[in-house]
Amino acid sequence: MSDDASHGMEQTLRRELRTGDIRLRAAGVAPAQLRAVRRTLRATNRLETMAVQVYRAQWSPEPTELNRQLIAAMDNELTHQADSLSRLMEYGGRPMLMRGPFYVVGWVLGRVSRMLGLRAMLRLGAWVEAKAIDHYAHLTAAVDWDPATHDLLVGMWNDEKCHLRRWTHLLEHPEEALAPPREPPAPQ
Ligand SMILES: [Fe+2]
Ligand SMILES: [Fe+2]
């Protein structure tokens, strides 16, 4: 999702993947290319894992706009985490055995920023998204991707730009972050 506007409809359940949505993509790919693809998809999955944990650790139950946006941020990064993991496996890459350190680092960064206050939380969010934007800019150019994976990565890259704009907006308007949530427009 790269648009901040609500569609005026409540989300119920994401479309379930069909078996046909999964392609086994490694056949016929040169070994060096395959290694590069797997390495970059693993790096992507690590980064997304950390991002999920940052937002999860920053969230608290108070009904504020910030906490609403943190749920959306975590959810969007969970989608990126899942998509990068399944694409890695489609290319025959084994998922990382030990993702624990990335969970821990993300969680600690999120919690420490929460203890330091709103500005630190928003600055960490902006830093995470800026890192992700750099990462996607580099990796889309670094590997000769198949068109479908290239489109997936560019879509994730665009999502990160949208996420960065949300945090920079709240950094400029911190009063909005602590206010009750802005409700989406009612369905027409
Ligand atoms: Fe992401
Ligand atoms: Fe993001």
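Colleague: At what angle do helix α1 and helix α3 pack, and how far apart are their axes?

Modeller: In this predicted model, helix α1 (residues 31-58) packs with helix α3 (residues 100-116) at an angle of about 35°, and their axes are 7 Å apart. The crossing of these two helices is right-handed.

Colleague: Which residues of α1 and α3 meet?

Modeller: On the α1 side they include R46, T49, A51, V54 and Y55, and on the α3 side F102, W107, L109 and G110 are among them. By kind, the contact of α1 with α3 divides into 11 nonpolar, six polar and four charged residues.

Colleague: How do helix α4 and helix α5 pack?

Modeller: The angle between helix α4 (residues 118-142) and helix α5 (residues 147-172) is about 155°, with the axes 8 Å apart. An angle over 145 degrees counts as roughly antiparallel, so α4 is roughly antiparallel to α5. Here the crossing is left-handed, and the residues in contact comprise 16 nonpolar, five polar and four charged.

Colleague: Which residues of the largest nonpolar core touch the most other members?

Modeller: That core has 22 residues, and A51, V54, Y55, V128, A132 and L170 touch the most other members. At least two residues come from each of α1, α2 (65-90), α4 and α5. The helix that gives the most is α1, with seven residues.

Colleague: What does Y55 touch, leaving aside residues up to four places away in sequence?

Modeller: Y55 touches L70, A73, M74, E77 and G110.

Definitions and conventions:
Residues are numbered from 1 along each chain as its sequence is written. Chains are lettered from A and ligands numbered from 1 in the order in which they are written. This is a predicted model: local features need pLDDT of at least 70, side-chain atom pairs count only at pLDDT 80 or more; totals for chains, interfaces and linings use all residues. Axes are lines fitted to C-alpha atoms, for helices over the stretch in contact, and angles run from 0 to 180 degrees between N-to-C directions. Helices (H or I, at least four residues) and strands (E, at least two) are DSSP runs, numbered from the N terminus. Angles under 35 degrees count as roughly parallel, over 145 as roughly antiparallel, 65 to 115 as roughly perpendicular and the rest as oblique. A crossing is left-handed if the near helix is turned anticlockwise from the far one by less than a right angle, and right-handed if clockwise. Ala, Val, Leu, Ile, Met, Phe, Trp, Tyr, Cys and Pro count as nonpolar, Asp, Glu, Lys and Arg as charged, and the others, Gly among them, as polar. Two residues are in contact if their C-beta atoms, placed from the backbone, lie within 7 Å. A nonpolar core is a set of buried Ala, Val, Leu, Ile, Met, Phe, Trp, Tyr and Cys residues joined through C-beta atoms within 7 Å. A residue is buried if 20 or more other C-beta atoms lie within 10 Å of its own, exposed if 12 or fewer, and partly exposed in between; C-beta atoms are placed from the backbone.
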